[in-house]
Amino acid sequence: MNLDFDVPGHPRWLALPLEGDADEQARAYVQQVYDPDVDQEVLAQTVAVVAGMSRLVRRSAEDGPPTAAAWTLLPPSGEAAPGPLALLRYLPLPENGTDDDAIELLLDPADEHWGPIDVADLETASGRALSLRFRPVVVRDGDRQVHELRAVLWPRPAAGLALVLSVYVVDLLAGAEVGGPLEELGASVVWSTG
Amino acid sequence: MTRPLRRRPELRPRALAGRGLAAARELRVAVDDDGALVVHRPGGRREVRARPGEVVRAVYVAGDRRGPVRLPVRTTSDLLVLLGAQGPVLALLLLDWMPPADSDAEVARRTTGFSALLAALGLPLEPAEPQDLERLRAGALHAVLLRPQPPLPWPGRPRWLLLPASLLLCVAVSGAGRLEAGAALAALLLGVPPTVAWLRARGAAQRAPAGPRPPGRPVTVSTRPTAPLPAGLAAARLELGPDDVVIVDRGREAWLPGPAAGGVTTAEIGTRAVRLRDSRGDSYARLERAVWCADDAATDAFTTDLVGAGLQVTTSPYDLGPPTRLGSLAEGPVDRRDWSRTERGDGNETMDVESAVFALLALLATEAVGSISHLLAVLVAALALALLAATAGTVWQRRRTDRQDRRTSPRATPAGAR
């Protein structure tokens, strides 16, 4: 299936290069958005982080759902490392699939979670979508942690798929920081299936 | 890879001085083994703020996103609010519990112990939602905000008492009749008790005793400079116990968690600073190397002391950043002039002038009081002189101690000799 999409630039999101040499592409991408006066050490670290994220996305796309695009959130000051990572992926949805079916592609409501699962309608350049917040409880090294999944979801059963723009963070404060920019990015995504 | 040591779920106050020393040494907010939220007060009093399971949410309010929430103190600090089913049970300002090293909020939440406290309560830290902010408006936090700083000495801000008292004394000095005498006596009744209370509080701050050493056979580490230092800084010391790493400098004390508490485990010696950090790499303090281990011999002796106290010592080719004010040569709020006014025991910043003016006016009013009784006039004069002398005495004492602290130590310690 061909997926055509277009995302206008967003001041807080840096697109990750998913093709070509990761280091060279990362340097080029970072230099496009970072102030040339920024400290060279910060710039070098940012390039390394962006290249590392690109490799990670490429590797995970080999085994997981197809990834159409990926971004990382730029820090407000330009002095800290970018993050977290947003992935635009598409998942198969049956032709009679409902919104709930689309949501369950991302999460199992029966899994232990913190607070309610928040779902709201979101108007986007590609029509109606769902904005989602889910806080799974995860046990790691004996510690009970609460993580957060934020997503913008376009269920399109007629096309047999759901497009998902999602971010996963391990800290609810980070989740709150990324929620607004993620919805803004989602609202600007224009996509169609060819 | 080695896992970082688990931090004990316990908050300790930031560095404090004078009337705040008891809190620095003993005030702790902790989660006990049963899961109860407990405040340990100076003097050994244990106060259960919430029984196990009673805290249901932990809400974080960033300093710049407080919205309608009003606090009884002006601050830009981030705020942690622990909520029970009926509302807030405890509120804490991040800055009140921070170790001396500057750090961003994410690191500070770990080094203060906020993260460990919440992990022990089994709660995630949630950003405050607009509905949380609405619930916390209308003074909901006034009763539950716990601050380690000492309260203002009784009866609080002095201006509202000394101003009318001084005005009454102005009436009293304008004549020598019974009306003026009555005004003078009313003024004394109004102004003397708070002035005496403030002077006593200030005296208590200045006489704060040398701290108890931390438990567990602590190791004392003295400064080891190669060049002369201000005398107060030269007398600074570290007290290193298994549970506590204490920095004592010119009347201030910072009680940091030691290695057994999952706090400071390592001293990293850089070219400019010695960074005290935990096993995760988070910084708690940066001591000035020129003060604590100025050359190779001093570094060897410093290392021996720290290793003997159970800390790891590493070296770094980097300067490790500017030293924090405590235990360093940096100019800044270290000496007694710059303690906060509650630590100093002052009702306000102009207390010296207000007390002195009040005492002088009381002295001038003795003539009016003499129209009632000569004996009373003598007593009033004696009281006024005593207040004047006590005010001058506390000012002189503070200046003398600061002068002594700033005076350059006559000789540098031979490196490594201690």
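Two residues are taken to be in contact when their C-beta atoms, placed from the backbone, lie within 7 Å. With that settled, I turn to the structure, which is a predicted model.

I begin with helix α9 of chain B, residues 296–308. This helix has 13 residues and reaches 18 Å from its first C-alpha to its last, close to the 18 Å expected at 1.5 Å a residue. Its buried residues are Ala298(B), Thr299(B), Phe302(B), Asp305(B) and Leu306(B). Seen down the helix axis, they fall within an arc of 125°, so they line one face of α9(B). What do these buried residues pack against? Their partners in chain B are the strands β10 (219–222), β11 (237–240), β14 (266–269) and β17, together with helix α8 (289–292). On the other side of α9(B), Asp296(B) and Gly308(B) are exposed. Just after the helix, Gly310(B) takes a positive phi of about 90°.

Chain B has 13 helices and 17 strands. Its C-alpha trace spans about 85 × 60 × 35 Å along the principal axes. Of its 418 residues, 44% count as buried. Among the contacts in chain B with a separation of 6 or more, 67% are between residues 24 or more positions apart.

I come next to backbone geometry. Most residues other than glycine have a negative phi, and most peptide bonds are trans. Two residues of chain B deserve mention here. Arg250(B) is not a glycine, yet has a positive phi of about 45°. It is found in the loop between β12 (244–249) and β13 (252–257) of chain B. Leu320(B), also not a glycine, has a positive phi of about 65°. Its loop runs between β17 (312–315) and α10 (341–344) of chain B. Are these two residues buried or exposed? The cut-off for a buried residue is 20 or more other C-beta atoms within 10 Å. Arg250(B) has 22 such atoms and is therefore buried. Leu320(B) has 20 and is buried as well.

Chain A supplies a further case. The peptide bond from Gly83(A) to Pro84(A) is cis, with omega near 0°. Pro84(A) belongs to the loop between β3 (67–73) and β4 (85–92) of chain A.

Finally, I consider the contact between the chains. How many residues does each chain bring to it? Chain B gives eight residues, and chain A gives eight residues. On the side of chain B, the largest share, three residues, comes from strand β9, residues 125–127. By class, that side has five nonpolar, one polar and two charged residues.

How values were computed:
Residues numbered from 1 in each chain as written. Chains lettered and ligands numbered in written order. Predicted model: local features only at pLDDT ≥ 70, side-chain atom pairs only at ≥ 80, totals over all residues. Helix = DSSP H or I, 4+ residues; strand = E, 2+ residues; numbered from the N terminus. Buried ≥ 20, exposed ≤ 12 C-beta atoms within 10 Å, placed from the backbone. Expected span 1.5 Å × (residues − 1). Arc of directions from axis to C-beta. Nonpolar A, V, L, I, M, F, W, Y, C, P; charged D, E, K, R; others polar.
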